[in-house]
Structure formats: structure tokens, C-alpha cells
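Here is a friendly walk through the model you have open. We begin with how the copies are arranged and then look inside.

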Amino acid sequence: MAGTKCIITGVPGVGKTTVITEALKRLEEAGRPYAYLSFGSFMFEVAAKKGLVKNRDEMRLLGKDDQRQLQQEAAGEIARIDGDVIVDTHASVKTPKGYLPGLPEWVLEALRPDLFVLIETDEDQILGRRFGDPSRIRDLDTYGALRSHQSFNRAIAAAYAMKTGCTVAIVTNADHLLDRAVDQLVTLLS
Amino acid sequence: MAGTKCIITGVPGVGKTTVITEALKRLEEAGRPYAYLSFGSFMFEVAAKKGLVKNRDEMRLLGKDDQRQLQQEAAGEIARIDGDVIVDTHASVKTPKGYLPGLPEWVLEALRPDLFVLIETDEDQILGRRFGDPSRIRDLDTYGALRSHQSFNRAIAAAYAMKTGCTVAIVTNADHLLDRAVDQLVTLLS
Amino acid sequence: MAGTKCIITGVPGVGKTTVITEALKRLEEAGRPYAYLSFGSFMFEVAAKKGLVKNRDEMRLLGKDDQRQLQQEAAGEIARIDGDVIVDTHASVKTPKGYLPGLPEWVLEALRPDLFVLIETDEDQILGRRFGDPSRIRDLDTYGALRSHQSFNRAIAAAYAMKTGCTVAIVTNADHLLDRAVDQLVTLLS
């Protein structure tokens, strides 16, 4: 469909939502509005519409094949949106079984993104932000674990680019420099 | 088929076999036995059954297309095993022509792994272990070459995850801490 | 087709052309000549033959689908060349929208490379070389940006290997050691 499909990712605590929210405002003001959606929430809506689940907790209980089909349907619906869309999701999710790819092949094939953004910053800054956020107390990774996660995300982003031909851009959201991160993202989306 | 298909990898000298052997014992004791097979040996058995080769040395002499078909058949047979299976192989093999992927696309498509494990440790520890193992005298890499190899393995593991949706877990097998590596692997496989 | 298809890449300023030119000479002398082509120029020729463009500047103006089809046709033609071929291209290109993959899936599927080479060196050496080359004044990256680019190239090379089964070799073209880089490349291609 016409329009840019942009995937934006970042590890918990990097400030992804803040950067996206500010960038969306500026793009709207500049006459280039983007639709915004979270891939997880969108998948839940698709599942609820199909009567597969009643609440978000039930999403985890779905079998592997159901999950996969839901992912595919949600991605396909996003691809059919006519216009510019930001999809908020994760390059990979850290689970007890290891890094789970946020965009396995079947999602990429249905979604056909144009641009993949990694929002990153120094690991110690992320640790500091998580420490100050009581809702993220369970995410208290070590420096090394976070470094490994961000590095894995870059590697899997490269695989996403091979698969789709999308570009991969890195936006740094450093302490005290939110404006620069927003500027970078706005430039990428303009 | 029912059952978890888990691929376990690690560069020569990292202690992969030791960690797997101990983990298999504990899983057996805990009532969660895994079948174990080495991908290379399994491929040889498939080739021998088909009359393509008489001994393992002849495996190297097979043409590219024959190799590929063997890989695919072996992977397909493993996928059809009913139950939990550990597949012992390499993320990539260091050859005179560069890093050879252990699980190219056609193997992944046939095998459909659920979990991909990288057993790693600091490069100096691997060098130390190789140095003490006369059978690995040919593997005397430099620190930088080993670092590059382990890093390449992480990157290709990310591509494997994109392709299959499997999770990628890293198990550190540090000197004097074998028990922790085994614990980590048992947890992943439980 | 018979023959080795080898892709050679490296960031601007790493000395890719110099290393390839010297290696081609030695291979010719050794009775193992390779055809050489630049993927970008080859694509332009295909486009010009089809009447899609009149000069190289018009290549950038082509739509996404036209670009993709051109890439695919060019890759297919290269694959059909009977004999050994070196394809000079980029693992990824740094653009204002991020890293653009040089060999997205559809190119790899048509091209079927046997060997993928990354020519690399320390970032400070590349900066030095770019600084001394007035034609590359626009490429004045920072050390960190170059490091990130070379690292992304290794990651995407791993994805290329997963997709095609090709090996990935790293050739270091360090200051004052051009001969060693050429030796390495000649060995890979012999």
C-alpha cells in the first residue's frame, strides 16, 4: 500500500515511547502525520475480534501455531493501512528461553517494512532509567546482559534488512539529549 | 512433531560436549530425557544408508548439491523424531574459505528448531583449553580470531532466529564454573 | 553455472579496489583468471539496455519495484556467467535513512554466491585514508560511526550466509600491509 511502514524498537528503559511521542507531535505539526500502533496491542485486538482471547493475559496461553497466525494476520492488516505508519515493537524480547525475535520471517513477509529503527543508548544510562522506574523493577539486568541484548538487536536488525530490503537506522537517546533523538527520528520519518 | 528441538553450538574448545553430557544426566534424573544427536554424525548415517559414502572422510568429497540434499534429509528426519531432541552442531565452522554456516536456510526450514543455544566463554579461557588438548593442536587461533568467530556466531544465530522464530540463549561455560553452565542449560531445557 | 561467484565488499576508504586489482593480476598470472564486475555498474547497464535510464543519475529516480526488478535481473545474469566471477559491491550502504542492505534476499536468491568477502581494517586507518582522498570528503564519518558500519556489515554478512550457505571471509587491509591483504584474497580465490 502507499505510505511508509516504519518499525521502531528499543530495549525496555531506553525511552522509546518518549522519543516516538515527541516525534509524532513534530511530524503532525509539519504536516506529515503518521498513524501509530503497538504491534502487541494490535495483535491482541485481532485475537479478541476473532474470539480467541478475552484479555491480554490469555495471549500467552495461545499455542505456537495460533500465535504465528495471529502475528501474520496483524502484520498483513498493518501492511494494508493506506498511509504512513509507525509500528512500535521489539527487535527481540528477552525471555527465560533466550532472545525471542520480534519480527520472524512470516511477520516481515506480511508487513514489508521500509525502515527499521533501533533506539539505543549507553547501557549504564538504561540501567539508571530502569532503576528509577519502579514498574520495571523486574528488568534489573546487568550491564553485560544489556550490552548483549542491544548487540543482539543490531544483529537481528541486519537479518531483517536482508529479508526485506528495509534500511536500518540507529537513533541514540542519550541522557539530557532527548531533543537530538527526536530530531534524528523526525528526519528519518520526513 | 511433538517435542522441543534444541540446537546447541559452541566453538571448538568451549566445552560444549562436557556441558551437554552433564545436562543430559540431570534432565534424565529429573524425568525429562532428551534424545541426543550430533548433526555431523547423523548426516553421515543418512549418507551411508543411501550408499553415497563408506566412511566419514568421503563426506568431504561430496558435491555441493549432494551435501545440501543430505543436510536437508537429515534435518527433516530429526524434525520427525517424536520427542525432545538436542542437536549438537556448529553455528558456523571456520574453514580456509571463511565461516561456513552450520544451519543454512534449507536446514532450518527442514529442522524447525525451537531453541538455539550458544555455549560461550572468554576467548583466553578457550585458548587455554585448546592449548591443553593435544587433539586440538590445529585449532590454535589467536585471541582476535576467536573473538571474531564467537561474534560471528552470535550474528548468525540472530539470522537463524529471524528465519525460524526460535529463541537464542547464551550459556557461559567459564573456568571453574561448569556447574553454573549446566544449571543454565538444564533450566533452558526444562 | 560452473564457476565460483565471489562477492567482495568493504566500506568506502578501506582500499577494496586496490586489493581486488592486485589480486586479479596475481590470479591471472597463476592461470586462474576471474571476471570482474561492479554490481552497481552492471545494474546500470541492464537498466540502460532496457531503456529505463539514460545515465547513472537517473538510477536513483527509479521506483522501488523497478529497482528491485533490476537488482534481480542483474543478479540472475551474473549467476549465468559461465566461470569465476568477482562481484564488487557493498554489504550495506550508509544512506540518510540508515544502512541499506547491498544484497537483499531477492538478489541473493538470484546470485547464489559461493563466497562473501569483507575487506576491513581499523577505523582510524580508514579515517586517515578518507581524509587524504578529496573525492571522499563527504564520507567524513566519526570513528564510532565507522565502527558501527563495519560491525553492521559483519552482522548482515552472517544473514547472507544463512540465506545462501556461502562462506564469509574477512580480509584485513591494514596500513603498510597491502601485500598481506592481497595474499589473503588470492588464497581465498585460488
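## How the chains are related

Please keep in mind that this model is predicted. In general, a rotation about an axis and a shift along it relate two copies of a chain.

What share of the interface residues of chain C are also interface residues in chain A? Only 20% are, so the copies meet through different surfaces.

The largest nonpolar core holds 144 residues, and the members that touch the most others are A:Ala158, B:Ala158 and C:Ala158.

Take B:Ala158 as an example. Leaving aside residues up to four places away in sequence, B:Ala158 touches A:Phe152, A:Ala155, A:Ile156 and A:Ala159 in chain A, along with B:Val168 in chain B.

Now to helix H2 of chain C, which spans residues 39-49. Which of its residues are buried? They are C:Phe39, C:Met43, C:Val46 and C:Ala47. Because these residues cover an arc of only 100 degrees around the axis, they sit on the same side of H2(C). An α-helix has 3.6 residues a turn, so residues three or four places apart point the same way.

Just after the helix, C:Gly51 adopts a positive phi of about 75 degrees.

Note on methods. Residues numbered from 1 in each chain as written. Chains lettered and ligands numbered in written order. Predicted model: local features only at pLDDT ≥ 70, side-chain atom pairs only at ≥ 80, totals over all residues. Core = buried A, V, L, I, M, F, W, Y, C linked by C-beta atoms within 7 Å. Buried ≥ 20, exposed ≤ 12 C-beta atoms within 10 Å, placed from the backbone. Contact = placed C-beta atoms within 7 Å. Helix = DSSP H or I, 4+ residues; strand = E, 2+ residues; numbered from the N terminus. Arc of directions from axis to C-beta.
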